[in-house]
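Open the model in your viewer and get ready to select residues by number. We will go stop by stop.

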Amino acid sequence: MSDRSQATMASTASRRPLPLGSATYQERTDPYYSYSSTFMDIPKRQAPSIVYGDNQYDYEGGATFRHAGSTTKALSNLAQKKYEARERQRAISLLSVLFAAALVIHLTTSDYFSQIMPQDLDKTASLNFANGQAGTSKVGRGDSANSKRQTNKGMTNDEAMEKVALGGDNAEVGAITLDADQEFWLSLSNISEHTTEDWNATDIPFFWHVPRAGGSTLKAIAGTCLDLVQASETGVTEGHGHDESVQVFEVKGAKYVNVDTTSIGGLARAKQLNLADSGSLDIVFSSYIKESAAVFSESHKGRGFVLLRDPIERAISMFYYLADQPGNPDIADMTVEEYAQSTRIENNWMVRYLSDQMEGEINKSALEKAKEALKRKFVIGLTNEYKESLYRFTKYNKWTLEDEAVQEKQDNCVSHLAEFGIGVNNADKKRPEKGDQSWALITWQNQYDIKLYEYGIE
């Protein structure tokens with residue numbers, strides 16, 4: 001188990017949520033909880049840095065956007081590139097000569113062996129034919145694409161993956177060798193692809209909770225206004241974290257199942273209790289996509305939806321949220337700019353969680369994978385269009401009531417919570433403006449999330 005998972009599980013054990021709907025509903029004293037309302041741990045990454053031209057400067061070393069020696073460094077880089085270009089040309093010339101020599105040797109030796117070994121070659125071909133193979137003893141030997149390799153049952157990996165996704169017997173499929181991308185998509189197979197699949201009444205709504213993007217308000221709306229039985233962190237309060245079977249209980253009029261789907265350990269317990277097939281819940285809240293997918297089943301898949309917020313606004317909101325939480329004196333004494341230069345700021349949170357790349361630097365391939373996952377697995381709402389997004393989610397999940405009086409009360413409840421929200425930052429907080437250094441630093445740390453957000457809006 002990773003350090004992140006252990007830290008998350010440790011924090012889960014010590015949390016004691018206050019009643020839903022109170023002014024301090026999202027306040028906690030646990031430092032890991034203070035990172036977000038879903039108990040995330042900060043993804044490990046490299047120290048904050050920025051690239052100027054071909055040079056990378058470490059903020060912790062005191063560098064700024066414009067380095068004093070940048071002109072000298074640029075001239076030096078230009079000279080170095082010219083030298084490297086000449087060396088590449090020399091290497092290409094040398095390789096051409098070597099290739100020509102190798103071709104001559106190959107043609108010469110081929111003629112020689114064809115004259116002295118024709119009978120042996122014929123015997124080899126006959127032996128292979130007798131074994132049911134046409135001229136080769138290896139299946140797919142010349143095909144480098146992993147998806148074309150065959151299992152020991154004669155299927156390609158793509159065929160085997162499809163059979164597993166459709167509930168096929170693993171013994172039928174045989175041994176499968178999957179690359180990283182295939183493993184990733186197979187791990188999400190229990191979340192419905194809304195772009196290709198018809199709406200299924202047995203699917204369970206799954207809200208991917210992006211921190212500081214309206215998720216806490218949606219939890220309150222689901223429990224207080226829509227009367228939905230939810231799986232979230234509140235499910236393990238009052239000692240229910242040790243129940244041996246799935247149960248439903250109430251906290252201040254809202255209904256919860258007795259699991260915590262906002263932590264890795266809680267999701268593992270939910271899977272062990274066979275939560276998805278219990279028929280006891282209406283909605284799951286979690287920030288962990290792959291681990292949540294493992295909780296769902298073939299007969300009860302997850303139906304994904306998400307609220308997106310401008311990554312820069314979300315990062316600023318996260319700073320003020322953390323600064324207001326007990327146990328974060330280091331952040332409380334920081335300015336926004338200092339926070340943006342520290343290791344406490346998030347680094348492309350959405351892309352990391354969607355692409356399942358929590359450590360190290362990420363690149364465009366992670367962004368493309370995140371785009372594809374967002375497109376295939378989630379219906380998108382926007383926090384700056386909160387009421388419209390709620391209407392879309394209600395329609396998508398078919399959350400309707402036949403009683404008109406109850407419907408009116410429900411609508412008023414939703415409108416009130418959507419307007420005032422839960423865990424919203426104070427309006428008097430000073431916000432960086434576009435063009436400020438702090439704004440530029442936050443932009444750098446979230447450059448891929450910004451591209452993903454723009455893609456989601458489209």
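A residue is called buried when its relative accessible area is under 20%, exposed when it is over 50%, and partly exposed in between. Keep those cut-offs at hand. Remember, too, that this model is predicted.

**Stop 1**

Select Arg212. It sits in the loop between β3 (204–208) and α7 (215–225). Is Arg212 buried or exposed? Its relative accessible area is 12%, so Arg212 counts as buried. Now check its backbone. Phi of Arg212 is positive, about 60 degrees, although the residue is not a glycine.

Next, select Asn274. Find it in the loop between α8 (264–272) and β7 (283–286). Asn274 is not a glycine either, and its phi is positive, near 60 degrees. Its relative accessibility is 41%, so Asn274 counts as partly exposed.

**Stop 2: a nonpolar patch**

Go to helix α2, residues 70–116, and pick Leu95. At a relative accessible area of 55%, Leu95 is exposed. With Leu95, they make a nonpolar surface patch of about 320 Å².

**Stop 3: a negative patch**

Which residues form the negative surface patch? Select Asp333, Glu337, Glu338, Glu433 and Asp436. Zoom in on Asp333. It belongs to the loop between α11 (329–332) and α12 (336–341). Its relative accessibility is 66%, so Asp333 counts as exposed.

**Stop 4: the salt bridges**

Now look for charge pairs. Side chains of opposite charge can pair when their charged atoms come close. How many salt bridges are counted here? The count is 11. We will visit some of them.

Start with Glu193 and Arg376. Their side chains meet in a salt bridge, 2.5 Å from N to O. Glu193 lies in the loop between α6 (180–187) and β3, while Arg376 lies in helix α14 (residues 364–377), so this pair ties together parts that are 183 residues apart in sequence. Glu193 has a relative accessible area of 16%, so Glu193 is buried.

Move on to Arg314 and Glu346. This salt bridge also spans 2.5 Å from N to O. Arg314 is in helix α10 (residues 311–324) and Glu346 is in the loop between α12 and α13 (349–355), so parts 32 residues apart in sequence are tied together. Are these two buried or exposed? Arg314 is buried, and Glu346 is buried too.

Then select Asp330 and Arg344. The closest N and O atoms of this salt bridge are 2.9 Å apart. Asp330 comes from helix α11 and Arg344 from the loop between α12 and α13, so the pair ties together parts that are 14 residues apart in sequence. Check how open each partner is. Asp330 is partly exposed, at 37% relative accessible area. Arg344, at 22% relative accessibility, also counts as partly exposed.

**Last stop: a network**

Show their side chains and trace the links between them.

Key: Residues numbered from 1 in each chain as written. Predicted model: local features only at pLDDT ≥ 70, side-chain atom pairs only at ≥ 80, totals over all residues. Heavy atoms only, no water. Patch = residues over 30% accessible without salt bridge, like charges linked within 9 Å, V, L, I, M, F, W, Y side chains within 5 Å. Areas by Shrake-Rupley, 256 points an atom, 1.4 Å probe, with all protein chains shown as cover. Salt bridge = Lys/Arg side-chain N within 4 Å of Asp/Glu carboxyl O. Lys, Arg positive; Asp, Glu negative; His and termini not counted. Charge placed at Lys NZ, Arg CZ, Asp CG, Glu CD. Helix = DSSP H or I, 4+ residues; strand = E, 2+ residues; numbered from the N terminus. Buried < 20%, exposed > 50% of the residue type's maximum accessible area, 1.4 Å probe, protein only.
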